Amino acid sequence: MTDLIRINSKVSKAILKASQVLIDYEYWLKRNYGVKGAYYGSAKTFLKGYVQGGDILSQLEDYLNQKAPSYKSMLNRFFYFLEHKQISFVINDLNETKLPISNLYVKLYLVSVQDRLKSKGSLSIYATILNSYFTSIKDDVTRINKRTAGKFILSPNLSDYTKRLYKAVLKSFCEWVLSYQSINNDELSKDQKRLKRGLKKISTQSLREIITIRVSIPRSVTSTYHKESLSEKQRKRLLDVIKNPRDRAIITLMGWNGLRSVEVTRLSYSDIKLNQGKLAVWGKGRSEKSKDVIKLSGAAKKELIQYLKKSKVKRGVLFPDLTRVILDDLISKYFKRIRVKGKYTPHSLRHTAGQIMYDNKIPLEIIQKTLRHADMRTTMIYAQKAIDRNYFKRLRRF
């Protein structure tokens, strides 16, 4: 369903939401330039501050005049995109504090199952998955069928656990739609009747076919869905055994901010903005010019201040002479000191950062931004692990 907004006392034609513009812009960037990176991020930052009802190109032009040349270069590409697509106005939905719900059908469904799901975390997971599916079919309920659902659930990019989770959520939604379609109209309000008419556009046969989609999980992988991560207590113990200021700074950047090994070795002094509490990260597979700016964790900031005092580093590479091999050996040594059981690697620290953020009720979209995941489905790993862990914990007594 497309929103309408009033501009200059006249009802405009259907206008895109800012979130929809970003989806199209992301696709356009990948198709024409093969990258997304900071171009997408800078456009999203601008759209969050866009004043709804005003001409978007005029506001972007004013915004550009206040920015540095390098930032202007990135946003000029977005300016060209808006001109090319003839987009003059958008509905700003980027600052909503709601769950990521794509439409009223999903909202109504979540209200109906909230007693069963209970926790806000579970509702958020269901909302995120359904939102992703509806985005893949462009919010067109007539495209809900076995083919689109199968493509979504059985994507080769998903882990086996994720496929099962996606299947469970879509199955639950389809069963709810079937039950809603059969409700007597006398029991419904005017708005509910309108929603029911929309749900009637979904083929009953398609709904039943989606429910029957099978996800086959090889027995050999049922115990290896997730990579290892430390608990919050283990992470603290790891930092406690480290005395070297440089190593403490490295561990906090990886275990609190989620940096990869290669990202730590690439850090330069200028990437650290201590006064602003920000960190510029040169991610894997990207050019040095397309760094992501994220919030610097309190733990990492504290350790970096101590490291910079001791090292006297004032320019250039933040950790001189630190190579990937040296870093990997360093982390393995500290893992042995705290005697953790399991297959822990340096990448486990990144998973530790993500998992602890999720366990502390940090929203998935914030975790995605911090870890710089291009796809929300990657961030969903932490939700899946929490569900898996709680599942076995809850059923111990049975």
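Biologist: Which residue forms a salt bridge with D240, and how far apart are the closest N and O atoms?

Modeller: Here's the general idea: side chains of opposite charge can pair when their charged atoms come close. A salt bridge here is a side-chain nitrogen of Lys or Arg within 4 Å of a carboxyl oxygen of Asp or Glu. In this structure D240 pairs with K236, with the closest N and O atoms 3.2 Å apart. Before we go on, this is a predicted model: local features need pLDDT of at least 70, side-chain atom pairs count only at pLDDT 80 or more, and totals for chains, interfaces and linings use all residues. Residues are numbered from 1 along each chain as its sequence is written, and side-chain values use heavy atoms, leaving out hydrogens and water.

Biologist: Got it. Where do D240 and K236 lie?

Modeller: Helices (H or I, at least four residues) and strands (E, at least two) are DSSP runs, numbered from the N terminus. Both D240 and K236 are in helix α11, residues 232–240, and they sit four residues apart, about one turn of the helix.

Biologist: Is K236 buried or exposed?

Modeller: Buried means under 20% relative accessible area, exposed means over 50%, and partly exposed is in between (1.4 Å probe, protein chains only). K236 has 52% relative accessibility, so it counts as exposed. D240 is partly exposed because its relative accessible area is 40%.

Biologist: How many salt bridges does a search of the whole structure find?

Modeller: Seven. One of them joins the side chains of R372 and E263, at 2.7 Å from N to O. That pair links distant parts of the chain, 109 residues apart: R372 is in the loop between α17 (364–371) and α18 (376–394), while E263 is in helix α13 (residues 261–266). Both R372 and E263 are buried.

Biologist: What about D271 and K291?

Modeller: Their side chains meet in a salt bridge too, 2.7 Å from N to O. D271 is in the loop between α13 and β3 (272–273), and K291 is in the loop between β4 (278–281) and β5 (292–295), 20 residues away. D271 counts as buried because its relative accessible area is 3%. Salt bridges can also share partners, and that joins R260, E263 and R372 into one network.

Biologist: And how do I read the whole chain? How many helices and strands are there?

Modeller: The protein chain has 18 helices and five strands. Of its 398 residues, 45% are buried.
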